[in-house]
Amino acid sequence: MINLLLFPVLIPFLFAAVLLLFPKKVKAQRIVTMIGLLFALASSFVLLYKVKVDGVQTLTLGSWAPPFGITMVSDMLSALLVTSSLLIVFFVVWYSFTSIGEEREKAFYYPAILFMLTGVNGAFTTGDIFNMFVFFEVLLMSSYVLIVLGGEKIQLKESIKYIIVNVVSSSLFVITVGYLYSVVGTLNMADISVKLAEIGPSGIVTVIAVLFLIVFGIKGGIFPLFFWLPGSYAAPPIPVLALFGALLTKVGVYAIMRTYTLFFTSDVGYTHNLLMILSILTIVVGCIGALAYFDVKQIIIYNIVIAVGVILFGASVMNESGMMGSVFYLIHDILIKGALFLFIGIIIKITGTSDLRKMGGLIKRYPMLGWSYLIVAFGLAGIPPLSGFIGKLLIVQGGFEAELLWQSIFILASSLLVLLSAIRIFIYAFWGEEKGEHLISPKKYRHLLAPAITLAGITVLYGVGAEYLVPFMADAANVLLDPSIYVDAVFEGVK
Amino acid sequence: MEILMSILIGFLFMAAVYLILSRSLLRIIIGTGLLSHGTHLLLLTMGGLGGESAPVLADGITDYADPLPQALILTAIVISFGVTAFSLVLAYRAYKVVDTDNMDLMKGNEDND
């Protein structure tokens, strides 16, 4: 089963291709999508187990020995991310059945999601820098379709900006890969790592490192490159927003983590300091945004920006606790942002508005919704024993170990602001007088609540069962901190 | 030759940035097209402009051109072709619905125009 690591990439792709054949049969579309996702999910769990037992899995396409062929590499970080992205897509698709509307379902909604999943999983799995660009394009192309699907005025306006920003950043990606190629003469990530270590610190390598930070920073939404994110993400309907918020920025974050641990370790004093400063600024801006708006969508969208900052801070300190915390927090954030958006979606569906000032008193009629939202909000802020706690604890511990006292305290303080921003939604939407009429039928409400609560349950398990996840996270952090494990796995067959 | 190519690439980037910063949507899309042309030429130049030798590696051949940049450019061209086509269609739809191709008028949403 050496092809195992390709299954989470290929299964969605094949099912998406099949779905293209009968776009109008909504029932069949739903069933086939679910079957495909279940298969992919099963394969990703097998992969996770395999990586845990046997170490890093690699596959060279067409049996061209590395560094010449395109290598796919699945280490613990990739396997974890692939599994959690499949999980989140599963719940979002389930939620979409009642939420997205038949109009969109008939217009290639499910194939677009599966194609996007192919791109996301491919970008997590690939071990070739140019191949990563190609997978980025696959996921971006599908995200263009998803963001504009439905053709509302606001969607058209915002998707144009989204596309232009991404086209420019993709060009920059190719340019940067070109520079890198001219320096090292290879595209295989393991080989690049070896060659760059031979070259040692030099000006051009630092320039390439910063260019990569800009490219992935635009995708991931770090300060000051997140400017496009709040506007564009608010345009599409909630399930699409949940997918984008949970997955797309995380691909950028993953790419930064990968390149900054595998490639650019020779001039840590400059590149990683820059990354650290930017991640702190990202948190500041995110907090300001999260508190400034009365629009529930915007509040959670700015929380995405905050989380990106926290994860990258953990990655920038480059020690074991920090890196482990980053991985913990990365997976946590994928799950919790998905859950939050699903809950927000229900609130918006009930009240018919996303403006906090026009809502109120929902707790009387919808107690389940209220209390489970509260649990997820606590998880977001990192209240023990919920899922955000352990990640943040490790990140802050890593910060203290690296003697970044003020920055670590700042991360802790930002948790309070995150809590405030999430609780503000709870107070405005659930407390107080009942306002307006409720636009949702009880049956529809139950159908929307089921996936959201199940996902919330998974985030709680993720927090409570952190003990059992530690070995996985430790493996992921080990590979990140010691590139030789990654390199050896890729070149194993050659030597 | 590399110097000449660098100047050409720089010129393409300059024109692309100028066009992308303009208000008209169509000009912006043409700008992104020029940007990707510049990028592709840059890739070609980065691999080294090898002269006249063929990109073939066989026994006894020591002088060969690097085939990889060309493969990369081919991929990048196809992708940018697809994206440009999509954005042209989108621009047309947006023009029909929003009734303008001026980016200044595409700000904001219905609530706070």
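Q: In this predicted model, which residue stands opposite Ser74(A) in β2(A)?
A: The residue opposite Ser74(A) in β2(A) is Gln57(A).

Q: Which way do the residues of strand β2 (residues 71–74) of chain A point, and are they buried or exposed?
A: Thr71(A) and Val73(A) point one way, Met72(A) and Ser74(A) point the other way, and all are buried. In a regular strand, side chains alternate between the two faces of the sheet. To be called buried, a residue needs 20 or more other C-beta atoms within 10 Å of its own; 60% of the 495 residues of chain A count as buried.

Q: Why does the radius of gyration of chain A agree with that of a compact globule?
A: For 495 residues, a compact globule would have a value near 23 Å; chain A has 21 Å, and therefore agrees. Chain A has 21 helices and 2 strands.

Q: How many helices and strands does chain B have?
A: Chain B has 3 helices and 0 strands, in the order α-α-α along the sequence.

Q: Why is chain B called more spread out than a compact globule?
A: The globule rule gives 13 Å for 113 residues, whereas the radius of gyration of chain B is 20 Å, well over that value; chain B is therefore more spread out than a compact globule. Its C-alpha atoms fill a box of roughly 70 × 25 × 20 Å along the principal axes, and buried residues make up 22% of chain B.

Technical notes
Residues are numbered from 1 along each chain as its sequence is written. Chains are lettered from A and ligands numbered from 1 in the order in which they are written. This is a predicted model: local features need pLDDT of at least 70, side-chain atom pairs count only at pLDDT 80 or more; totals for chains, interfaces and linings use all residues. A residue is buried if 20 or more other C-beta atoms lie within 10 Å of its own, exposed if 12 or fewer, and partly exposed in between; C-beta atoms are placed from the backbone. Helices (H or I, at least four residues) and strands (E, at least two) are DSSP runs, numbered from the N terminus. Two strands pair if DSSP finds at least two bridges between them. The radius of gyration is taken over C-alpha atoms; the globule rule is 2.2 Å times the number of residues to the power 0.38.
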